[in-house]
Amino acid sequence: MTTFTRLRALALTSFSLLALAACGSDDPTQPVTPTNGTLTVTVSGLPAGVNAAVTVTGPSSYTQSATASASYSVAAGSYTVAAAQVITNNVRYNAAIVGSPATVTSNATATATVTYSITGNPTITISGSIAANRTMTPDTNYVLRGFVYVNSGATLTINAGTKIVGDTTALGSALFVLRGARIVATGTEAAPVVFTSQRSAGNRSPGDWGGLIIVGNARNNRAGNIIVEGSDGSVVGGNSAGVIYTGGTVDTDNSGTLRYVRVEFAGYATLTDAELNSFTFAALGSGTTLEYLQSVTGLDDSFEWFGGTVDGKYLVSYEAGDDHFDTSEGYRGRNQFLIAYQSAFATPRAGAGAVSTDPQGFEVDGCNGGGCTAPAGGNAQSAGAADGLFTMNVFANFTVIGVGAGVTTPTNGGVGMVLRRGTGGYYVNGVVARWPRQAVSIRDTTSNNRFQVDSLIVRNLYFADNGSQNGGVVFDPTGPNFGQESAFTARNSNISVAAGTVTAASLFTALPAGGTTAPTVAGFDWSPAAGSPIATGGLSAFTADPRIAARAGTFITATAYRGAAAPGGTKWWANWTNYARN
């Protein structure tokens with residue numbers, strides 16, 4: 001090859017390399033770096049602070065979770081955007097998605113839009129029996145149709161925030177937790193469990209549904225097959241034989257837990273003197289837990305105990321058709337921190353029954369009706385629990401407020417505390433105010449026998465603004481009843497009676513006036529007002545009286561104040577209670 005030829009070949013080779021460099025290499029062994037694009041996901045429709053539940057998937061097993069609007073640098077390809085349902089404050093949000101699948105190209109932006117909107121919770125109607133364990137959750141609406149029974153051996157669990165309504169097309173719809181069954185309803189202050197009317201606010205009435213009935217296996221003082229009042233009514237799913245609650249033998253029986261539970265617009269009079277209450281506790285044992293419970297605008301009693309030994313704390317009753325707290329048949333449980341407020345008597349739902357003729361604050365019986373085994377007379381004994389199974393309940397730190405003047409009270413009602421039919425029991429550190437007939441009454445000789453010996457003890461109460469419709473009467477006047485002021489003085493009861501100028505409202509930080517103007521729940525502050533006489537005067541130690549100390553045990557705490565709230569203390573009723581008349 002000549003020199004010229006060699007130079008010409010070298011020049012051609014150099015030219016080829018330059019050309020290749022100019023137009024890129026076609027060598028398949030050389031890597032090519034792809035250029036990403038952008039995928040933007042926009043999210044809207046959820047309340048502030050609530051996270052979305054968005055998932056993006058794409059090529060090469062790409063996965064990305066998104067809780068809000070975001071943009072992502074991704075390789076070119078097709079991407080799928082999906083969004084799961086979001087539940088917040090018991091409200092469901094479903095998502096509509098536009099722009100999925102999204103095709104992303106190099107150096108370009110693709111957008112997918114996720115729009116959440118409220119969707120209705122599913123509704124489940126429950127009837128008949130619950131025979132196996134079941135859980136209710138706040139993302140579902142539950143309707144009780146007729147009498148619904150939780151059978152022995154089954155546990156009904158109700159999660160915080162769950163709402164259960166009674167079917168208003170089936171009068172008397174109610175939930176019965178039978179002996180041997182359990183209910184575990186555990187709400188929270190922010191999310192209580194609520195049993196209420198199926199009707200909308202403003203259209204509700206006492207008696208819209210039946211109520212909550214729990215039957216345990218503790219003892220009471222009636223013999224024979226005695227049924228829960230109203231349990232034999234002609235109600236859808238009912239049993240004409242009723243539900244028997246007598247014959248129990250296990251005072252430590254456990255029927256479950258109620259904590260932060262409200263029952264609203266309940267009660268149903270299936271027959272005269274056979275009414276369903278908001279809460280009915282029949283022969284419940286001490287293994288059962290009752291805390292932070294409220295009855296709102298019920299047709300009959302707010303809380304009624306038939307025998308048993310169950311204890312309770314933080315019980316609230318606003319507007320009862322009959323009694324706020326009713327015990328009988330050898331009930332021996334202990335309760336502390338209770339509030340009752342009555343300002344009016346609501347009109348029951350048509351066909352559900354009538355308001356009682358004798359609504360009181362407390363109505364406490366030893367025993368009444370067939371099969372009573374408690375002694376008809378004679379003196380009580382300090383043990384009081386095994387000898388005849390006297391009613392020996394303990395109520396401490398209660399605030400019980402009546403309607404006062406200007407509200408028509410049913411014929412025989414309007415008394416703060418009625419103690420009768422051979423009852424015993426201890427009543428300590430309470431406030432009884434604004435009851436139009438009188439503050440307290442002991443109705444019969446057998447109850448007076450308990451009082452005169454040692455098993456009916458009333459200590460360190462404060463009475464104010466009572467007797468407005470009865471000439472200012474506070475105690476039983478001289479006559480057939482036994483609760484005269486002199487009798488309480490002789491028993492060292494240490495009851496303070498306010499001067500006639502002291503109003504119930506002056507005792508508390510905030511107490512609504514009542515009457516025709518319905519208050520709001522924010523209008524209640526049961527803490528003692530500055531300088532209030534109920535901020536002091538409590539029986540601050542039980543050690544001086546071994547009878548009270550023995551009954552109170554470790555469950556009841558002695559306090560230096562009277563009433564349901566400590567001065568400057570926790571407002572334990574706040575945030576979870578409700579007030580409504582309709």
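Me: Ala, Val, Leu, Ile, Met, Phe, Trp, Tyr, Cys and Pro count as nonpolar, Asp, Glu, Lys and Arg as charged, and the others, including Gly, as polar. How many residues of the lining of the largest pocket are charged?

Reply: This is a predicted model, in which local features need pLDDT of at least 70 and side-chain atom pairs pLDDT 80 or more, while totals for chains, interfaces and linings use all residues. Residues are numbered from 1 along each chain as its sequence is written, and side-chain values use heavy atoms, without hydrogens and water. A pocket is an open set of points on a 1 Å grid over the protein atoms alone, where a 1.4 Å probe fits, with protein on both sides within 12 Å along at least five of seven lines; lining residues have an atom within 4 Å of a point. In the largest pocket, seven lining residues are nonpolar and seven polar, and the charged ones number 16.

Me: Which residues are closest to the centre of the largest pocket?

Reply: The largest pocket holds about 640 Å³ of space, the volume being that filled by probe spheres set on the points. Of the 30 residues in its lining, those closest to the centre are Glu 229, Asp 273, Glu 275, Glu 363 and Arg 421.

Me: Which element gives the largest share of the lining of the second largest pocket?

Reply: The second largest pocket holds about 270 Å³. It is lined by 18 residues, and Asn 90, Gly 161, Thr 162, Lys 163 and Val 194 are nearest its centre. Strands here are DSSP E runs of at least two residues, numbered from the N terminus. Two elements, β17 (193-197) and β19 (256-264), each give two or more residues to this lining, and the largest share, three residues, comes from β17.

Me: In β4, which residue is the bridge partner of Val 41?

Reply: Strands pair if DSSP finds at least two bridges between them. An open sheet of five strands, with mixed pairing, has the order β4-β1-β9-β7-β6, and its edge strands are β4 (70-74) and β6 (86-88). Strand β1 (residues 37-44) runs antiparallel to β4 and is joined to it by five bridges. In β4, the partner of Val 41 is Ala 70.

Me: How many contacts beyond four places in sequence does the model have for residues 378-387?

Reply: The chain has a mean pLDDT (the predictor's confidence in each residue, from 0 to 100) of 91, and 91% of its residues reach 70 or more. Over residues 1-25 pLDDT stays under 50, and the model has three contacts (heavy atoms within 4.5 Å) beyond four places in sequence for them. Over residues 378-387 pLDDT also stays under 50, and the number of such contacts is 24.

How values were computed. Helix = DSSP H or I, 4+ residues; strand = E, 2+ residues; numbered from the N terminus.
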